[in-house]
Amino acid sequence: SRAVNSRQEHVIPKGERSLITLEDGTQVWINADSKLEYSHDFLKGPTRDVYLQGEAYFDVTADKSRPFIVHVQGVEIMVLGTAFNVKGYQGEHKIEATLVHGKISFSGASTDNVTLAANQRAVFLTKKKRLLVETNVQTDNYTSWRKGVLVFDDQPLYEILPVLERTFNV
């Protein structure tokens, strides 16, 4: 964690993960090989904006007057108070949002605005500019990394290897 100009930056190297609590009480679990940035005056604007590269799980403190927005590779995920996982590593050509409870909206310059309900997952394919929404997902498969558990369900080896590399720094 370090201050850069007027921003706070949390850079998590491969092989590690971190839990931070933002000024508003929001808890953020940041996965390996990820970076989270936000302004020092995070609570002073009309929205609470954070910028993610990589993967993080958010348990957002509700504040109807100031929506919480996660910016990841040109996509915005807006929430008032909920728990969800966001994954958007550079070079993977997809951005994923998995909603555990509450509601979030998923939008970007090249996709329609989609609102997700609990146990839904959105995957935006950045090269194809295509958004897929899955319902009734097992959210633990996508969020258990924060507890040190990796779950792979019928995934090809080329998707599993980068996860192992980031998690164990090998």
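Guide: Let us start with one term. Helices are DSSP runs of H or I with at least four residues, and they are numbered from the N terminus. This is a predicted model.

Visitor: Where is Asn169 placed, in those terms?
Guide: Asn169 falls in the segment after α2. The helix itself covers residues 157-168.

Visitor: Which other residue has a positive phi without being glycine?
Guide: Asp154 is one of them, with phi near 55 degrees. Asp154 belongs to the loop between α1 and α2.

Visitor: Why is Asp154 called exposed?
Guide: The cut-off for exposed is over 50%. Asp154 has 76% relative accessibility, so it counts as exposed.

Visitor: How do you know that the span of α2 is close to the expected one?
Guide: Helix α2 has 12 residues. The expected span is 1.5 Å times one less than the number of residues. For α2 that gives 16 Å, and the helix reaches 16 Å from first C-alpha to last.

Visitor: Which residues of α2 are buried?
Guide: Ile160, Val163 and Arg166 are.

Visitor: What makes you put them on the same side of α2?
Guide: The arc they cover around the axis is only 130 degrees, so they share one side of the helix.

Visitor: What covers these buried residues, and what does the opposite face carry?
Guide: Strand β9 (83-88) is included in the cover. The face turned away carries the exposed residues Leu157, Tyr158 and Phe168.

Visitor: How do you know that the charge of Arg166 sits over a ring?
Guide: The limit is 6 Å from the ring centre, and the charge must also be within 35 degrees of the ring normal. The charged end of Arg166 is 3.5 Å from the centre of the Tyr89 ring and sits over it. Arg146 makes a like case: it lies over the face of Tyr57, 3.8 Å from the ring centre.

Visitor: What makes a set of residues a nonpolar core?
Guide: Its members are buried nonpolar residues, joined through side-chain atoms within 4.5 Å. The largest such core here has 30 residues. Leu36, Val50, Phe58, Phe68, Ile77 and Phe84 have the most contacts inside it. Strand β6 (residues 48-59) gives the largest share, 4 residues.

Visitor: Why would such side chains be found together?
Guide: In soluble globular proteins, nonpolar side chains tend to be buried together.

Visitor: What does Ile77 touch?
Guide: Beyond its sequence neighbours within four places, its contacts include Phe68, Val70, Phe84, Val86, Ala97 and Ile104.

Visitor: Which rings form one aromatic cluster?
Guide: Tyr38, Phe42, Phe58, Phe68 and Phe84 do. Rings pair when their centres lie within 6.5 Å, and by this rule there are 5 aromatic pairs.

Visitor: Why is Leu116 called buried?
Guide: Buried means under 20%. Leu116 has a relative accessible area of 0%, so it is buried. This residue is in strand β12 (residues 111-116).

Visitor: What makes Thr82 buried?
Guide: At 1% relative accessibility, Thr82 is under the 20% cut-off, so it counts as buried. The loop between β8 (75-79) and β9 holds Thr82. Val60 is 22 residues away along the chain, yet the two C-alpha atoms are separated by 5.3 Å.

Visitor: And what makes Thr139 buried?
Guide: Its relative accessible area is 11%, which is under 20%, so Thr139 is buried too. Thr139 lies in the loop between β14 (130-134) and α1 (140-143). Away from its sequence neighbours within four places, it is in contact with Thr98, Leu99, Val100 and Asn119.

Technical notes: Residues are numbered from 1 along each chain as its sequence is written. This is a predicted model: local features need pLDDT of at least 70, side-chain atom pairs count only at pLDDT 80 or more; totals for chains, interfaces and linings use all residues. Side-chain values use heavy atoms; hydrogens and water are left out. Helices (H or I, at least four residues) and strands (E, at least two) are DSSP runs, numbered from the N terminus. Buried means under 20% relative accessible area, exposed over 50%, partly exposed in between (1.4 Å probe, protein chains only). Contact means heavy atoms within 4.5 Å. Rings of Phe, Tyr and Trp (its six-membered ring) pair if their centres lie within 6.5 Å; planes under 30 degrees apart count as stacked, over 60 as edge-to-face and the rest as tilted. The arc is that of the directions from the helix axis to the C-beta atoms.
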